[in-house]
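Visitor: Hi, I'd like to walk through this one with you, a piece at a time. Can you put it up on the screen?

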Amino acid sequence: MFPHVELTLQSGIEIGMSLEVPIPKNANQEGTKYWVASIVMACGPLLRLRYFGGDDRSLEFWFNLTKEAAHELGWCVKDNKKLEPPDIVLQRSPDCVEKLSEFLTTARTVPPEMLSGDGLSMTERIKQGMKVEVSDTLHPYKLWVATIIENVGGRLLLRYDTPGSSHKDFWMFCTSEHLHPYGFASKSDSTWFLEPPSSIVEMHTYEEWKDLLESAPKNYDLPEELFNNTMDHPKHEFKVGMKLEALSPIDQIKICPATIIKVFDDTYFLVHIDTYDEVSKGMDIETCLYNSTEKNTWLCTAEHPYIFPVGWAKKHDIKIVHPNGWTPKEDEFDWDEYLKDTQSTAAEERLFPERQSAINAGFERGMRLEAVDPECENIICAAHLTKIVDNLLWLKLDNYENTRPEHIVDMHSLQIFPVGWCESNYYPLKPPKDYTEICKKLQMPLKEEKKANILDIPISEPRSSLWCPKIYFNYRCFTGPMISKGKLATLPKAVGPGPVILVMREVLSMIVSVGYRSARILKVLQCDSKPDPGYHLEVLKAKHKNNTYRASVAVVTSGDMVADFCRNICKKLMVCPNLFGPLYVPENECPDKCHKTSKAKFTASVGTGRRGKPKGYTSIMVQKPKPWGGRRKRRRGIEEALDGRPPLSEIDIMIQKGLEKEEKSDEFKTEPPSSNASDDSGSSFNDNRKTKDGGSPSSLNNKQHSSKFSQSSAVTRASKRERDWDTSIESDGSEGESEYVKLQKKQRRPKTRKLDSNPLFWSVDDVFRYLRKTNDCKDIAYRVKQEEIDGLAFLLLNLPSLTQHMKLRTSLAMKLCRHVEQVKVTFFLRHINEVEPEQYQIV
């Protein structure tokens with residue numbers, strides 16, 4: 001979108017280029033040796049290089065062009081330096097010296113100017129005081145010498161060389177085709193010549209200009225690669241007197257009728273904005289040439305962005321401004337009437353090349369950018385796009401009032417820059433007018449101290465409903481039973497001013513952090529119901545004894561309510577109402593006289609006199625994940641968890657959450673309680689979500705039985721242990737597996753699968769045949785086979801790989817992950833020590 005800016009940032013160093021670098025010296029080495037290295041990575045002046053002859057990454061190293069001297073290819077031969085490989089390269093590639101000559105025939109060298117130390121990018125190599133030759137605004141081949149006064153990210157402030165003290169400064173971007181290296185006119189053909197610019201030629205005599213030209217230095221050392229911006233333009237077929245539409249050069253907002261007044265050659269011509277003369281019934285070409293300036297004339301090529309065929313403005317609903325001196329019969333401009341009145345012809349539309357689209361290039365209405373003020377080129381303003389037509393952008397400068405009109409620029413104009421360009425180049429940006437108003441609100445003007453008023457209230461601060469004044473922490477006041485005075489004294493003196501919600505959240509977070517027990521303060525501030533109008537819920541956190549607590553606290557949203565809100569919070573915390581708030585309280589000058597009053601005044605009205613948790617109490621502690629499969633015992637009405645099992649894996653936790661509904665439905669299936677084999681859709685995590693009364697019909701029957709017959713309590717405890725450690729096996733329901741099922745129940749293991757062989761050595765077809773025999777994953781078998789998943793890959797499947805790479809639905813992915821986990825358990829229990837069969841071994 002901004003190609004001229006991108007060009008100034010390019011360094012010319014590309015990956016794959018080669019250069020000659022010095023080799024670190026050994027203890028017995030005399031002189032510096034060099035060897036060829038290629039660029040693997042480039043980060044500005046920091047290069048990642050690899051020695052020639054080494055193909056692995058162990059021979060790569062970092063090289064800083066600003067601190068170390070490197071040279072282009074061939075430098076060692078010219079300066080009679082040794083070109084020898086390092087010892088480590090010679091060991092790995094003994095014939096690297098013989099191969100070097102063949103490599104150098106095709107290698108690309110780093111440009112010497114990149115290694116001179118003057119800078120890598122075009123912007124860095126352009127120095128203040130350099131001389132250039134600038135094209136005239138009205139003549140394509142007339143040049144004059146100018147000096148670079150300032151370089152701002154490639155935007156150059158130039159000053160014409162003049163005989164006297166008078167001078168004219170102007171801005172031009174370094175990629176402009178109007179810039180040429182010093183000496184360009186003398187080295188090129190006779191078409192180009194040096195002559196003072198049209199705008200300042202009359203300021204001095206001919207002799208003065210001639211003396212200046214003869215005294216100019218003939219040989220000026222300037223990098224050859226700079227300012228070579230000459231472009232090849234297509235040939236045109238325009239003729240003198242043709243009419244067309246053009247953008248007015250003076251304000252760049254009006255589309256006006258214009259005339260071609262001069263054709264230099266088949267590339268360049270002049271277009272002059274029309275002024276109507278009643279006497280000549282049109283405009284005099286000779287007069288226009290004499291009065292031509294950069295304010296009413298464009299120097300054009302066929303691709304000029306600001307000239308258009310007749311009818312272009314009407315086609316795009318753009319109003320044409322009437323020529324000065326011409327009065328139309330109707331309000332709207334009519335080209336037919338104007339051409340008939342001036343007895344002229346319109347330039348054919350075929351003479352204009354097809355225009356590029358700014359929308360296709362990425363521009364959109366409302367986009368923000370930085371643009372040069374057309375009335376003062378020293379100023380760059382924040383701007384936004386209001387309209388886009390073909391290659392033209394309508395810009396609105398944000399720092400001016402609505403009375404300032406928009407102006408039009410080309411999508412490739414050198415007068416527009418991306419957001420942040422001024423900041424990155426340390427150039428002042430004129431901000432939007434709204435930004436200036438906001439900054440005024442943020443400024444804290446110095447206030448005169450009033451001895452009569454002991455309260456330091458920021459009177460002159462804005463009273464916006466969204467703005468919060470400065471909040472002071474008056475640690476000298478009474479801190480109550482929950483807040484530590486010592487911790488409170490370590491807080492900043494004040495917070496703010498700023499947005500209400502942001503400031504109040506920060507204040508409450510600080511108050512929670514300075515409590516003796518942060519969780520207790522958080523519980524006091526917690527809002528369990530819907531907040532009142534004018535309040536907003538904010539989540540605050542606290543830590544106490546390795547536990548994390550979280551609570552929703554109601555915070556005011558209006559600055560007018562801040563003072564009352566702070567007093568109410570202080571009342572809840574049983575502290576002085578002025579402990580924190582918009583009032584600054586000096587020592588022993590509290591309005592509520594907390595330093596003299598009994599402390600019972602602040603604590604008496606709070607509390608019910610009862611100890612313990614009140615009715616309806618909800619905990620604010622963040623629950624930690626419980627270990628997987630914790631066995632529980634009921635002893636004297638107290639349930640105790642017996643740890644000793646590994647924690648849940650990440651996949652198990654995901655499966656547990658995803659199959660919650662499925663598990664709940666399985667708990668109430670009407671199947672015989674004596675069934676040992678579980679269905680494939682069942683879950684091994686039902687054990688961890690049992691309620692106090694049990695979660696299955698068999699457990700309910702056991703508890704009813706124990707309530708009638710006390711002697712069966714041992715049976716109840718046995719059934720409880722069986723529920724807490726499910727030993728059922730996922731099987732296909734065949735009768736031949738009953739013995740294996742009973743064996744697994746006795747060993748009290750997690751759910752496993754009946755496998756005929758070691759899954760680690762399965763082929764793709766073995767995995768497919770196995771999944772087709774299952775009840776839960778047979779629908780996924782073809783999908784797994786398409787991915788060519790063998791036994792090892794099958795055991796490594798996880799939820800991210802199934803959902804992100806195989807694009808499975810979450811439900812299917814969790815079902816397959818659960819199946820894989822059970823196959824893993826079987827593998828570790830039965831097959832982990834098996835030797836790889838011969839048919840799978842690689843010879």
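Visitor: Let's start with the sheet that has β24 in it. What's the strand order there?
Guide: The order is β25-β24-β29, three strands in an open sheet with antiparallel pairing. Two strands count as paired if DSSP finds at least two bridges between them. Helices (H or I, at least four residues) and strands (E, at least two) are DSSP runs, numbered from the N terminus.

Visitor: Before we go on, what kind of model is this?
Guide: This is a predicted model, where local features need pLDDT of at least 70, side-chain atom pairs count only at pLDDT 80 or more, and totals for chains, interfaces and linings use all residues. Residues are numbered from 1 along each chain as its sequence is written, and side-chain values use heavy atoms, with hydrogens and water left out.

Visitor: OK. Which strands sit at the edges of that sheet?
Guide: β25 (494-495) and β29 (580-581) are the edge strands, each pairing on one side only.

Visitor: And how many bridges join β24 to β29?
Guide: Two, between β29 and β24 (residues 471-473), and the strands run antiparallel. F473 stands opposite F580 in β29.

Visitor: Which helix lies across those strands?
Guide: Helix α14 (residues 500-513) lies across β24, β25 and β29, and runs at about 10 degrees to β24. Axes here are lines fitted to C-alpha atoms, for helices over the stretch in contact, and angles run from 0 to 180 degrees between N-to-C directions.

Visitor: How does α14 pack with α15?
Guide: α14 and α15 (residues 518-525) pack at about 135 degrees, with their axes 8 Å apart. That angle makes α14 oblique to α15. For the cut-offs: under 35 degrees counts as roughly parallel, over 145 as roughly antiparallel, 65 to 115 as roughly perpendicular, and the rest as oblique.

Visitor: Which residues make that contact?
Guide: I511, V512 and S513 from α14, and S518, I521, L522 and L525 from α15. Contact means heavy atoms within 4.5 Å. The residues of this contact divide into five nonpolar, two polar and no charged. Ala, Val, Leu, Ile, Met, Phe, Trp, Tyr, Cys and Pro count as nonpolar, Asp, Glu, Lys and Arg as charged, and the others, Gly among them, as polar.

Visitor: New topic: β6. How many of its residues are buried?
Guide: Five of the five in β6 (residues 131-135), so the strand is mostly covered. Buried means under 20% relative accessible area, exposed over 50%, and partly exposed in between (1.4 Å probe, protein chains only).

Visitor: Which way do the β6 residues point?
Guide: K131, E133 and S135 point one way, V132 and V134 the other, and all are buried.

Visitor: What does β6 pair with?
Guide: β6 pairs with β7 (residues 142-152) in the antiparallel sense over five bridges, and E133 stands opposite V145 in β7. The two strands form a hairpin with six residues between them. β6 also pairs with β10 (residues 179-181), antiparallel over three bridges, and V132 stands opposite P181 there.

Visitor: Let's do the cores. Which residues touch the most other members in the largest nonpolar core?
Guide: V134, L158, F227, F238, L244 and V271, out of 80 residues. A nonpolar core is a set of buried Ala, Val, Leu, Ile, Met, Phe, Trp, Tyr and Cys residues joined through side-chain atoms within 4.5 Å. Strand β18 (residues 376-389) gives the most to this core, with six residues.

Visitor: What's L244 in contact with?
Guide: Leaving aside neighbours within four places in sequence, the contacts of L244 include F238, V271, W335 and F352.

Visitor: And the second core?
Guide: That's a separate core of 45 residues, which include L540, C566, V575 and F602.

Visitor: Now N80. Where is it, and is it buried or exposed?
Guide: N80 is in the loop between α2 (75-78) and β5 (82-83), and is exposed, with a relative accessible area of 71%. Its phi is near 55 degrees, a positive value in a residue other than glycine.

Visitor: Last one: which residues of α23 are buried?
Guide: In α23 (residues 764-773), D766, V767, F768, Y770 and L771 are buried. What covers them includes α24 (781-786), α25 (791-795) and α27 (810-831).
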